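This report looks at charged side chains that pair up, and at one helix. Please look at the sequence and the model before reading on.

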Amino acid sequence: MPELKYLAGYDAHLLDQVRAMIHSDRLGPWLRERYEQPHDVRNDGALYQYVVGLKDRHMRKAPPLDKVVFDNRLQVVRHALGTHTSISRVQGARLKASREIRIAGVFRDAPHSFLRMIVVHELAHLRESAHNRAFYQLCAHMEPDYHQLEFDMRLYLTQLEIDRRKQLPPIADP
């Protein structure tokens, strides 16, 4: 039975249900049935347009974004949703701020709902840096099913890890 590292902190009863689905090989089919619609955001330019569209719809007064990219180097365990950075640089007599959002490359092939949830999460960090009540209220304002999508996205990551382990060849005895 795999470790449920993406689900740390959830109720033990809920984790038992997840383990039962994994044991009976029902998690993958359940996720595919529930989230069958893939997104068509395939490159960094399309991702930038997608993110800016959501930002303009929900956060018009937020500062502009300078860069939005898929990043294949992000470690999904440490940065499951992506990263956001705000860098201030002095250029002559002015202070210039640069804002970036990086989404883990594994989400390039994720269902549309998961990409939207990740983008909403990173956009919320433009206003709220900490994961506090105001942060999650903003996420829920932009995506009403945010909490369910976050949980299901963690199930998706768990299933990806299970699938990856099944494809690895067994270690040969020396």
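## Arginine 42 and aspartate 109

Arginine 42 is partly exposed, at 41% relative accessibility, where buried means under 20% relative accessible area, exposed over 50% and partly exposed in between, computed with a 1.4 Å probe on protein chains only. Arginine 42 forms a salt bridge with aspartate 109, and their closest N and O atoms are 2.8 Å apart. Aspartate 109 lies in the loop between β3 (94-104) and α4 (112-124), and arginine 42 in the loop between α2 (27-34) and α3 (44-58), so the pair ties together parts that are 67 residues apart in sequence. Aspartate 109 counts as exposed, at 55% relative accessibility.

Two terms used here have set rules. A salt bridge is a side-chain nitrogen of Lys or Arg within 4 Å of a carboxyl oxygen of Asp or Glu. Helices (H or I, at least four residues) and strands (E, at least two) are DSSP runs, numbered from the N terminus.

## Basis of the values

This is a predicted model, in which local features need pLDDT of at least 70 and side-chain atom pairs count only at pLDDT 80 or more, while totals for chains, interfaces and linings use all residues. Residues are numbered from 1 along each chain as its sequence is written, and side-chain values use heavy atoms, with hydrogens and water left out.

## Other salt bridges

The count of salt bridges comes to 11. One of them joins glutamate 161 to lysine 5, with the closest N and O atoms 3.1 Å apart. Glutamate 161 lies in helix α6 (residues 146-167) and lysine 5 in the segment before α1 (12-23), so this pair ties together parts that are 156 residues apart in sequence. Glutamate 161 is buried, with a relative accessible area of 5%, whereas lysine 5 is partly exposed at 34%. A network of salt bridges links Lys5, Glu161 and Arg165.

Lysine 55 forms a salt bridge with aspartate 56, where the closest N and O atoms are 3.7 Å apart. Lysine 55 is buried, with a relative accessible area of 6%, and aspartate 56 is partly exposed at 39% relative accessibility.

## Helix α4

How many of the 13 residues of α4 are buried? The helix is mostly covered, with 11 of its 13 residues buried. Among them are Phe114, Arg116, His121 and Glu122.

From its first C-alpha to its last, α4 reaches 18 Å, close to the 18 Å expected at 1.5 Å a residue. The expected span is 1.5 Å times one less than the number of residues in the helix.
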